[in-house]
Amino acid sequence: MFATRDFAAHDMQRIEMALAAELAGRAVGSAFAATGLSLADACAVAERAENRARQMAVPVCICIADAEGRPVLFHRMEGSLPASTKLAVAKAWTAAAYRMGTDELGQLAQPGGMLFGVGHTGSGAGNGSGEGQVVLFGGGIPCRAGGAVIGAIGISGGTVAEDMKIARHAIDGFSARRGTVPKEGTGL
């Protein structure tokens, strides 16, 4: 089923590391991790995202979600694509629910990948919001504090590369405020 044994072992190691980080973050029990992402935090992250999007001349939709993927803040820039409304929410939900970036999840969901079929499970909230819809391309990144996922960002409106650049910029600024800057692709 897997392309190579090394590929499957590498994927399993990445998933185990993400799970260990999540559990370690819960064990730390920091006050911030316990309270999650505040509205003020969400506003600061969204502001950084919008500023970067304006610099790039890319109108986007921005969703900041809590640790379970429920929207805390949604912002739609003038001129953004109508489809981006649901996609931003879905990207934030996916990043929070799977505890990894949507681009990374997409790689693992490829044929022969550890999570092949995850995007075809029929999951979806069915309420038209985008919440519960699995997205397998870049633009969604989890936010972490003390190793635990406390929320996520979803950006939609540009190319995948533009969405990822905007999301990464917004998250990096937030993590710098909190004193923890993650490695590329690992979320916050």
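Predicted model: local features only at pLDDT ≥ 70, side-chain atom pairs only at ≥ 80, totals over all residues.

Reader: Which elements make up the protein chain, and in what order do they run?

Author: The protein chain holds six helices and four strands. Read from the N terminus, their order is α-α-α-β-β-α-α-β-β-α.

Reader: How should I read the nonpolar residues of the interior?

Author: In soluble globular proteins, nonpolar side chains tend to be buried together. Here the largest nonpolar core has 23 residues, and those touching the most other members are Val45, Ala49, Val60, Ile62, Ile64, Ile153 and Ile155. Two or more residues each come from helix 3 (39-56), strand 1 (61-66), strand 3 (140-145), strand 4 (148-156) and helix 6 (160-178). Another core, of seven residues, lies apart from this one and includes Met100, Leu105, Leu108 and Val118.

Reader: With which residues is isoleucine 62 in contact, leaving aside its neighbours within four places in sequence?

Author: Isoleucine 62 is in contact with Ala46, Ala49, Glu50, Leu73, Phe74, His75, Ala88, Ile153, Gly154 and Ile155.

Reader: How do I read a single helix?

Author: An α-helix has 3.6 residues a turn, so residues three or four places apart point the same way. In helix 4, the buried residues are Ser84 and the run Ala88, Val89, Ala90, Lys91, Ala92, Trp93, Thr94, Ala95 and Ala96. Helix 4 (residues 82-98) spans 25 Å between its first and last C-alpha, close to the expected 24 Å. Just after helix 4, arginine 99 adopts a positive phi of about 60°.

Key:
Residues numbered from 1 in each chain as written. Heavy atoms only, no water. Expected span 1.5 Å × (residues − 1). Buried < 20%, exposed > 50% of the residue type's maximum accessible area, 1.4 Å probe, protein only. Core = buried A, V, L, I, M, F, W, Y, C linked by side-chain atoms within 4.5 Å. Contact = heavy atoms within 4.5 Å.
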